[in-house]
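Please keep the sequence and the model in view while reading.

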Amino acid sequence: GHVLEMYNDIDSAFHFYLYAAETDDPSGLYRVGKAYLYGRGVDQSKKKSLIYFEKLIKLGCDLINVVYEAASIRMTPDITEKKNNFLGKNSLKSEETTAESMNRAKNCATLGLDYHINSEWRSRLGLEEWEVRDCLSHALAVVGDHYLHGRFVAKNVREAIKMLVQSARMNNVDAMYLIAETYFFAKGVDQDRDLSIKYYELAAGKGSAKAKKRLRQIKESNK
């Protein structure tokens with residue numbers, strides 16, 4: 001399947017991945033889940049994708065790439081399904097609700113980069129270090145944002161900041177901007193303009209248009 005995918009024969013690759021998934025091969029389960037998630041070699045279906053990711057979780061997989069994808073599906077309406085409200089009503093047969101899936105993603109993400117890179121599951125799924133690093137950085141930023149605003153889970157600014165700081169250390173621009181906004185507008189924390197400007201500048205240096213705009217506004221207000 002990997003070789004066929006390298007040569008862009010996506011349809012044939014999917015059938016090999018599906019065969020592997022039917023034997024509970026971890027890499028096959030992951031690749032089929034991703035194929036359904038993005039519609040590669042098969043009609044897109046987040047509902048079917050979630051089934052494969054959750055099967056991996058039941059097998060003991062705690063790699064961020066799997067746990068976060070399962071949570072992200074529950075966080076996002078599925079326009080590919082005729083009944084696109086199955087996430088909110090939890091009508092998909094599953095042991096997890098959206099909130100439980102989010103909490104699992106938080107606990108998984110906060111295990112840290114070294115844990116995930118050195119995980120046996122990374123090797124079993126055939127993932128490169130950069131794939132794990134990119135997913136972890138993104139997961140920390142997104143899940144942190146949800147905890148910051150209380151979406152799907154109880155609002156917890158302290159936990160949110162911890163995740164966002166970890167993500168920012170991995171050069172995630174969105175995390176940098178969220179930290180800056182939180183401290184500038186004192187959203188559940190004491191206001192710290194110096195710290196917020198530091199993060200606005202970091203985000204702006206990475207190309208964030210929002211951060212550049214905010215810095216201009218701050219500059220204008222100080223005149």
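The points below are grouped by topic, beginning with the overall make-up of the chain.

The model is predicted: local features need pLDDT of at least 70, side-chain atom pairs count only at pLDDT 80 or more, and totals for chains, interfaces and linings use all residues. Residues are numbered from 1 along each chain as its sequence is written, and side-chain values use heavy atoms, with hydrogens and water left out.

**Overall make-up**

- The protein chain contains 13 helices and 0 strands, where helices (H or I, at least four residues) and strands (E, at least two) are DSSP runs numbered from the N terminus.
- Of the 223 residues in the protein chain, 47% are buried; buried denotes under 20% relative accessible area, exposed over 50%, and partly exposed the range in between, with a 1.4 Å probe and protein chains only.
- Among contacts with a separation of 6 or more, 53% join residues 24 or more positions apart, a contact being heavy atoms within 4.5 Å.
- The protein chain exposes about 12,000 Å², and carbon and sulfur atoms supply 48% of that area; accessible areas come from the Shrake-Rupley method with a 1.4 Å probe.

**Helix H5**

- Helix H5 covers residues 64–75, which is 12 residues.
- H5 is mostly covered, as 12 of its 12 residues are buried; they include Ile-64, Tyr-68, Arg-74 and Met-75.
- The cover over the buried residues of H5 includes helix H3 (26–38), helix H4 (46–58) and helix H6 (98–109).
- Helix H7 (113–117), helix H8 (120–125) and helix H9 (129–149) are also among the elements that cover H5.

**Cysteines**

- A disulfide is a covalent bond between the sulfur atoms of two cysteines.
- The search of the whole structure finds 0 disulfides, the criterion being a pair of cysteine sulfur atoms within 2.5 Å.
- Cys-108 is buried at 5% relative accessibility, and Cys-135 is buried at 13%.

**Aromatic rings**

- The count of aromatic pairs comes to 5; rings of Phe, Tyr and Trp (its six-membered ring) pair if their centres lie within 6.5 Å, and planes under 30 degrees apart count as stacked, over 60 as edge-to-face and the rest as tilted.
- Phe-184 and Phe-185 form an edge-to-face pair, at 4.9 Å centre to centre and 80 degrees between the planes.
- Phe-184 is buried at 12% relative accessibility, whereas Phe-185 is partly exposed at 42%.
- Phe-184 also pairs edge-to-face with Tyr-200, at 6.0 Å centre to centre and 70 degrees between the planes.
- This second pair links distant parts of the chain, with Phe-184 in helix H11 (residues 173–184) and Tyr-200 in helix H12 (residues 193–205), 16 residues apart.
- Tyr-200 is buried, at 0% relative accessibility.
- Tyr-177, Phe-184, Phe-185 and Tyr-200 are linked into a cluster by ring pairs.

**Charges over rings**

- The charged end of Arg-124 sits over the ring of Trp-121, 4.2 Å from its centre; the rule requires NZ of Lys or CZ of Arg within 6 Å of the ring centre and within 35 degrees of the ring normal.
- Lys-198 lies over the face of Tyr-199, at 5.6 Å from the ring centre.

Terms used
Expected span 1.5 Å × (residues − 1).
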